Amino acid sequence: AEVTAVLAADLPNLRPHTLRRLRSTLAASAPTTAAPDGAVLVDERGRPQWLCGVWHTAGLRAALAGAGDPTDRPLRAVLGALAAVHVRAEAGEAFDVDTVDDLRALPTD
């Protein structure tokens, strides 16, 4: 595959539309000289959500190979050196479930 999605299981509001936006943003920036390695979702606070991105597979593989053992390291330490275009999250899209209280805050409908 030419592109690879890196996704977390604790982002319950991600939808196919999210991936289409990330992928189309990456594809639209490809013809430029300084084309990015990937497109990453950015939350409401402007923080990249490294566990929600679409990457050129070759760049992703190179980053992983150059990172050494990624065990117990944050993903931003592995992917942070790659050039990424930021894609603003839509309302609630980057909601991250880290605690039981976060889980309780999810709508039940």
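Good morning. The structure is a predicted model, in which local features need pLDDT of at least 70 and side-chain atom pairs count only at pLDDT 80 or more, while totals for chains, interfaces and linings use all residues. Residues are numbered from 1 along each chain as its sequence is written, and side-chain values use heavy atoms, with hydrogens and water left out.

Let me begin with helix H1, residues 16–29. Helices here are DSSP runs of H or I with at least four residues, strands are runs of E with at least two, and both are numbered from the N terminus. Which residues of H1 are buried? They are Thr 18, Arg 21, Leu 22, Leu 26 and Ser 29, where buried means under 20% relative accessible area and exposed means over 50%, with partly exposed in between, using a 1.4 Å probe and protein chains only. Seen down the axis of H1, these buried residues fall within an arc of 125 degrees, so they line one face of the helix; the arc is taken from the directions from the helix axis to the C-beta atoms. The face turned away from the buried side carries the exposed residues Pro 16, Arg 20, Arg 23 and Ala 28. The buried residues of H1 pack against strands E1 (3–7), E2 (38–42), E3 (48–56) and E4 (84–88), a contact being heavy atoms within 4.5 Å.

Next, helix H2, residues 57–66, has Thr 57, Gly 59, Leu 60 and Ala 63 buried. Seen down the axis of H2, its buried residues fall within an arc of 165 degrees, so they line one face of the helix. On the other side of H2, Ala 58, Arg 61, Ala 65 and Gly 66 are exposed. The buried residues of H2 pack against E1, E3 and H3.

I turn to the cores. In soluble globular proteins, nonpolar side chains tend to be buried together. A nonpolar core is a set of buried Ala, Val, Leu, Ile, Met, Phe, Trp, Tyr and Cys residues joined through side-chain atoms within 4.5 Å. The largest one has 12 residues, including Leu 22, Leu 26, Leu 41 and Val 54. H1, E2 and E3 are the elements that give two or more residues to this core. Apart from it lies another core, of 10 residues, among them Trp 50 and Ala 63.

Finally, which element gives the largest share of the lining of the largest pocket? That element is E3, with four residues. Thank you.

Note on methods
Expected span 1.5 Å × (residues − 1).
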